[in-house]
Amino acid sequence: MGARRTARERALQALYQLEMAQGATSREALDSAWAASAEDGKPEPDAVKFAKELVEGVEANREEIDGLIERHSHNWRLDRMSRIDRNVLRLGIFELKYRPDIPRKVTINEAVELGKNFGTEESSAFVNGLLDRVAVALGKP
């Protein structure tokens, strides 16, 4: 598995933990996510750095990201979405909006994979559709 895919998985786990444990810091959540995957061996420095950028970026821009999710999710309020889907969407929208170096297709494909691996059967289709609508609205080629 590539460093960025690993980083996205750990970032998702950290964001999930931040929702569950009120008062936890992003550093604590990331440390916990990396510790839980210790069987993978020592993480690559690039993966650790990218995961940190993702989590801190989502947290810093969460209000705006959540607003985009609400505007583009048809018939779904943010609080009705599963925590996994909500955080996969947050990661994807952060990449679409704030990481112009990552192509739209890569962001959406990676988010769909996260949905498949961590969410429900419906997660991947839900994530794909919503991220595609947001990408179009953001003018992300």
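**Helix packing and buried leucines in a predicted model**

L15 is buried, with a relative accessible area of 2%.

L15 belongs to helix 1. If we set aside neighbours within four places in sequence, L15 is in contact with V55, V58, E59, N87 and L91. The C-alpha atoms of L15 and L114 are separated by 13 Å, the two residues being 99 residues apart along the chain.

Let me turn to confidence. The average pLDDT of the protein is 92, and 96% of the residues score at least 70. Among the elements, the lowest mean pLDDT, 91, belongs to helix 2, residues 26-36, and the highest, 97, to helix 5, residues 83-98.

I now come to the core. Which residues touch the most other members of the largest nonpolar core? They are V55, I69, V88, L89, L91, I93 and L131, out of 38 residues in that core. The elements that give two or more residues to this core are helix 1 (3-20), helix 2, helix 3 (45-60), helix 4, helix 5, helix 6 (104-118) and helix 7.

I69 deserves a separate remark. Not counting residues up to four places away in sequence, I69 touches L78, M81, R86, L89, R90, I93 and L130.

Two packed helices are described by the angle between their axes and the distance between the axes. Helix 4, residues 62-72, and helix 7, residues 123-138, pack at an angle of about 110°, and their axes are 10 Å apart. Because angles of 65 to 115 degrees count as roughly perpendicular, helix 4 is roughly perpendicular to helix 7. On the side of helix 4 the contact is made by L68, I69 and H72, and on the side of helix 7 by L130, R133, V134, A137 and L138. Sorted by class, this contact has six nonpolar residues, one polar and one charged.

Two further leucines complete the account of buried positions. L96, in helix 5, is buried at a relative accessible area of 4%. Beyond its neighbours within four places in sequence, L96 is in contact with R104, T107, L131, V134, A135, L138 and K140.

L114 lies in helix 6 and is likewise buried, its relative accessible area being 6%. Not counting residues up to four places away in sequence, L114 touches R8, E9, L12, V88, L91 and G119. From L114 to S124 the C-alpha separation is 7.8 Å, and the two are ten residues apart in sequence.

Finally, I would draw attention to a loop residue. Is N75 buried or exposed? N75 counts as exposed, because its relative accessibility is 72% and the cut-off for exposed is over 50%. N75 is found in the loop between helix 4 and helix 5. Its phi is positive, at about 65°, although N75 is not a glycine.

To summarise, L15, at 2% relative accessible area, is buried, whereas N75, at 72%, is exposed. Helix 4 and helix 7 pack at about 110°. Thank you for your attention.

Conventions
Residues numbered from 1 in each chain as written. Predicted model: local features only at pLDDT ≥ 70, side-chain atom pairs only at ≥ 80, totals over all residues. Heavy atoms only, no water. pLDDT = per-residue confidence, 0-100. Helix = DSSP H or I, 4+ residues; strand = E, 2+ residues; numbered from the N terminus. Axes fitted to C-alpha atoms, helices over the stretch in contact; angles between N-to-C directions. Parallel < 35°, antiparallel > 145°, perpendicular 65-115°, else oblique. Contact = heavy atoms within 4.5 Å. Nonpolar A, V, L, I, M, F, W, Y, C, P; charged D, E, K, R; others polar. Core = buried A, V, L, I, M, F, W, Y, C linked by side-chain atoms within 4.5 Å. Buried < 20%, exposed > 50% of the residue type's maximum accessible area, 1.4 Å probe, protein only.
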